[in-house]
Amino acid sequence: MTQTQRILVTGATGTVGRQVVAELLDRGHQVRALTRDAANAAFPAGVEVVQGDLTEPDGLAPALKGITGLHLITFGGAAFSPLETGPRILELARAAGVRRVTVLHGGGPTPLEDAVRTGDGVDWTVLMPVEFMANALEWADGIVTSGEVREPFVDRLSAMVHEGDIGAVAAVSLTEEGHGGQEYVITGPEVLTIGDKVKTIASAVGREIALVELTEEQALAQWRTAGLPEDVIGFLLEAYGNTPEVGRTVSGTVEKVTGRPARTFAQWAAEHTDAFTERS
Ligand SMILES: NC(=O)c1ccc[n+]([C@@H]2O[C@H](COP(=O)([O-])OP(=O)(O)OC[C@H]3O[C@@H](n4cnc5c(N)ncnc54)[C@H](OP(=O)(O)O)[C@@H]3O)[C@@H](O)[C@H]2O)c1
């Protein structure tokens with residue numbers, strides 16, 4: 001049984017941050033959640049909400065006061081632009097007596113992650129999840145409106161991870177000994193193709209879903225119509241067309257760190273049937 005600790009979660013309204021908050025609460029810890037829009041953010045009961053912007057680190061001092069652990073994102077503002085303020089945030093965290101930091105890796109080096117890795121009196125853990133299961137929510141409109149998923153590279157393999165498991169690894173790393181200096185590749189328990197995932201969602205919602213394979217050109221057009229920036233499109237083409245080994249290999253981190261098996265895509269789909277079901 002670990003002692004109750006107070007943790008500041010940044011990115012707390014996001015896909016991963018919400019899960020970090022939930023997993024910390026589940027373990028009986030006190031959670032302070034940072035958002036740029038405290039008036040409109042919704043959190044579970046008991047969460048202390050604080051207003052703050054990571055691009056303006058000197059305003060974060062009150063949010064950092066009295067916490068033992070800090071969960072960080074590496075970006076701020078539009079299009080996931082890397083935070084240039086990382087070194088200052090870490091300086092303030094150390095001054096406030098923060099003992100443990102987790103950082104959600106953003107796919108490449110950033111000033112914030114570099115500052116975290118220098119350690120200097122703080123136990124840091126870098127969380128390196130592969131593809132989130134939540135990315136499948138992008139299919140919700142197509143499934144609801146036309147009963148189809150339109151994707152390129154349908155045979156690509158992914159060890160996609162349940163967001164709750166990223167949250168669980170973060171919660172343990174932030175509150176227990178033994179995770180300092182670790183880089184955790186976080187995956188799900190199985191490797192699936194797009195076809196496997198579509199079948200899993202179809203079975204969860206109890207309807208047929210067609211998988212339409214797009215050519216690379218059709219995918220580019222679809223992403224541009226959806227308004228994705230060109231650098232994101234370039235990233236997707238590379239990640240989907242040429243998935244690195246790490247993205248299609250089960251790591252076992254979730255079970256090693258949390259003591260519980262990683263959640264399956266079938267579990268995720270069963271939890272999200274509403275998103276894939278027509279509302280009357
Ligand atoms: N999708 C994937 O498959 C995948 C896989 C591996 C890694 N990743 C990485 O995961 C990260 C995205 O995480 P996510 O999906 O959880 O994010 P998300 O759902 O897009 O949420 C973004 C969060 O960032 C916060 N935020 C943005 N700018 C901020 C600022 N200037 N100050 C304070 N808070 C700020 C927002 O808070 P407020 O709006 O409430 O202020 C919000 O909570 C990226 O680094 C990405 O590279 C993604």
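Here are some exercises on the structure above, each with a worked solution.

The model is predicted, so local features are described at pLDDT of at least 70 and side-chain atom pairs at pLDDT 80 or more, while totals for chains, interfaces and linings use all residues. Residues are numbered from 1 along each chain as its sequence is written.

**Exercise 1. Describe the overall build of the protein chain.**

Step 1: Start with the secondary structure. The protein chain has eleven helices and nine strands. Helices (H or I, at least four residues) and strands (E, at least two) are DSSP runs, numbered from the N terminus.

Step 2: Check the overall dimensions. A box of roughly 55 × 40 × 40 Å along the principal axes holds the C-alpha atoms of the protein chain. The radius of gyration is 19 Å, which agrees with the value near 19 Å for a compact globule of 280 residues. That radius is taken over C-alpha atoms, and the globule rule is 2.2 Å times the number of residues to the power 0.38.

Step 3: Look at burial. Of the 280 residues in the protein chain, 37% are buried. A residue is buried if 20 or more other C-beta atoms, placed from the backbone, lie within 10 Å of its own, exposed if 12 or fewer, and partly exposed in between.

Step 4: Look at contacts. Among those between residues at least 6 apart in sequence, 75% join residues at least 24 apart. Two residues are in contact if their C-beta atoms, placed from the backbone, lie within 7 Å.

**Exercise 2. Work out what surrounds the ligand.**

Step 1: Identify the shell. It holds 29 residues, and the closest are Gly14, Thr35, Arg36, Gly76 and Gly106.

Step 2: Find the contributing elements. Helix H1 (15-26) and strand S2 (30-35) each supply at least two shell residues. H1 gives the most, with three.

Step 3: Sort the shell by class. There are eleven nonpolar, 14 polar and four charged residues. Ala, Val, Leu, Ile, Met, Phe, Trp, Tyr, Cys and Pro count as nonpolar, Asp, Glu, Lys and Arg as charged, and the others, Gly among them, as polar.

Step 4: Turn to the record. In an unreviewed entry, UniProt lists residues 11-105 as "domain: NAD(P)-binding". Such annotations may be inferred rather than shown by experiment. In the model, this span is 27% helix and 20% strand, with its end C-alpha atoms 13 Å apart.

**Exercise 3. Which face of helix H3 is made of buried residues, and what covers them?**

Step 1: Pick out the buried residues of H3 (residues 86-95), which are Gly86, Ile89, Leu90 and Ala93. They fall within an arc of 95 degrees seen down the helix axis, so they line one face. The arc is that of the directions from the helix axis to the C-beta atoms.

Step 2: Find the cover. It includes helix H2 (61-64), strand S4 (69-72), strand S5 (100-104) and helix H4 (111-117).

Step 3: Look just past H3, where Gly97 takes a positive phi of about 90 degrees.

**Exercise 4. Is Phe153 buried, partly exposed or exposed, and what is its phi?**

Step 1: Locate Phe153 in the loop between strand S7 (148-151) and helix H6 (163-175).

Step 2: Count neighbours. Phe153 is partly exposed, because it has 19 C-beta neighbours inside 10 Å.

Step 3: Read the backbone. Phe153 has a positive phi of about 50 degrees although it is not a glycine. Most residues other than glycine have a negative phi.

Key. Near = placed C-beta within 6 Å.
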